[in-house]
Amino acid sequence: MNDIKRDGGQVSTSGGDAPQSRGGDDPARISTGSAGLDDILGGGFDADRIYLYEGRPGTGKTTLAMQFLTEGVRQGERTLYITLSESRVELAVVAQRHGWSLDGIDVFELLSPEALLNPDHEMTVLHPAEMELNETTRLVFDRVETSNPTRVVFDSLSEMRLLAQNPLRYRRQILALKHFFAGRRCTVILLDDLSSAQNDLQVHSISHGVILLEQLAIDYGAERRRLRVIKMRGIRFRGGFHDFTIETGGLAIYPRLVAAEHHTTFTTEQTPSGNAALDQLLGGGLERGTNALLMGAAGVGKSTLALSYAVAAASRGEHAVVFAFDEGRGTIIARARALGMPLDRALDAGLIQIRQVDPAELSPGEFAHQVRAAVEGQAARVVIIDSLNGYLNAMPDGRFLVLQMHELLSYLSQMGVLSIMVLAQHGIIGTTETPLDVSYLSDAVIMLRYFEVAGTIRRALSVMKKRSGAHEHTIREFRLTDEGISIGAPLTGFTGILSGNPVYTGGPEPLLAVGGKRDG
């Protein structure tokens, strides 16, 4: 995956186990240049402090640091980029590809290829490995006093560590940097590529805050990036790992979703499916602020049943969004046309959105961000996740799927959204297996099954669970027709339908008619 990707946006959030509102005596924060990181920190950095960005090469440290400086330029501040590792030309290329400019950013190179060839400059600008540490520090101090910046980026500490040659000298020079900047109204970002073989906690101890950036290689698909705030003195931040991507315009950071931070007032009314028989089976329908799990074998009709709720919402003038992990947009539209669903009209009106998701490219944090954007940005009242099998494939570690799903469902519930999840079971007829158990998280569970009658394959559905009210305990046959979903009477003449091995015990009356006649 390339470093420059699609444009990303941020959905602002309130603090939570991130920051509480600050009192009048609390000094104002300054923006980090990233809306996502500002949200994690509850407003940004405390000014006039030293912070550390650390991570292996390629994790996005330089990009995030440049966002910090470009934000300073937007605020009319003086900025300084001190580089011992990259040239101004290299930085200019990075800035250009992100749509930025170095105008307003004072770039001080301590590595200059032209100067290396000039013997007159051998005492001022040399390759870092050949420069005396004290001379390097003095050059930095002189440039800061000349520029008098309010925002500084120092890239990077690995060269300083090489020059010091031993931990004691290195710590003394870092302390000298801290004391020098402490006497100036200046916020400093130090970059460290973690090239040291040992865990270096010396900079951690003198830094006001430490942010770790990581890049993870998974077995298949694009690499995943995430960051974690290790330390932030005097600032209450949102802990844990937060996914991010490098896109045109910088790092798009997706703060970890904390459901407890989000609430809205809504009426817990029932939301019709557009099918009277299905609503009757559900005791009137599914309620707002609840979630339903549709389970069954492949092709039994789960996605169609879920889509009917989106179409019904659009008919009421509400917005719905379908996150399709398994099927393409064209396939969904074609199936809806074959079943007589007015999906095209709802799509043209902007009432239904179909988001095709590639699980090999999307991180769980970015997916949660897209769900929030649909709910808070487009006022979606129905959210469909089709399917959880695809969502499971998007997880770098399946152990945390249920925890993330719990947080996401809690958020949707507190926002008054009806959420519908589709889960494909392994197997077609007979014994089927479920790849993961999220039924205990679900407010309602609808089971769909194949069964055989007189040499033909039929479909049946039943409501296995509904927390928010009474429901039918019968099993009904249903059929997918060119007029939508047709649901029949309770199948009183059969037993063993849910197991996929029905036993006929009565007459053919319960079965749906085909072509004006009943099967069986």
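Predicted model: local features only at pLDDT ≥ 70, side-chain atom pairs only at ≥ 80, totals over all residues.
Close-up 1. Strand S3, which spans residues 50-54, runs parallel to S7 and is joined to it by five bridges. Strand S6, made up of residues 151-155, also runs parallel to S7 and is likewise connected to it by five bridges, with Val-153 having Ile-189 as its bridge partner in S7.

**Close-up 2. The two covered faces of strand S7.** In a regular strand the side chains alternate between the two faces of the sheet. In S7, Thr-187, Ile-189 and Leu-191 lie on one side, while Val-188, Leu-190 and Asp-192 lie on the other, and all of these residues are buried. Strand S7, residues 187-192, is thus described as mostly covered, with six of its six residues buried.

**Close-up 3. The salt bridge between Arg-151 and Glu-77.** Side chains of opposite charge can pair when their charged atoms come close. Here the side chains of Arg-151 and Glu-77 meet in a salt bridge with an N to O distance of 2.9 Å. Because Arg-151 lies in strand S6 and Glu-77 in the loop between helix H2 (61-74) and strand S4 (79-83), the pair ties together parts that are 74 residues apart in sequence. Arg-151 counts as buried at 1% relative accessibility, whereas Glu-77, with a relative accessible area of 25%, is partly exposed.

**Close-up 4. The salt bridge between Arg-238 and Glu-261.** The closest N and O atoms of Arg-238 and Glu-261 are 2.8 Å apart in this salt bridge. The pair links distant parts of the chain, with Arg-238 in the loop between strand S9 (224-232) and strand S10 (241-247) and Glu-261 in the loop between strand S11 (250-254) and strand S12 (270-271), 23 residues apart. Arg-238 counts as buried at 1% relative accessibility, and Glu-261 is buried with a relative accessible area of 12%.

**Close-up 5. The salt bridge between Arg-458 and Glu-477.** In this salt bridge the closest N and O atoms of Arg-458 and Glu-477 are 2.7 Å apart. Arg-458 belongs to strand S20 (residues 456-466) and Glu-477 to strand S21 (residues 476-481), so the pair ties together parts that are 19 residues apart in sequence. Arg-458 counts as buried at 2% relative accessibility, and Glu-477 counts as buried at 1%.

**Close-up 6. A network formed by Glu-269, Arg-288, Arg-316 and Glu-318.** A search of the whole structure finds 23 salt bridges.

Conventions: Residues numbered from 1 in each chain as written. Heavy atoms only, no water. Buried < 20%, exposed > 50% of the residue type's maximum accessible area, 1.4 Å probe, protein only. Helix = DSSP H or I, 4+ residues; strand = E, 2+ residues; numbered from the N terminus. Pairing = 2+ DSSP bridges. Salt bridge = Lys/Arg side-chain N within 4 Å of Asp/Glu carboxyl O.
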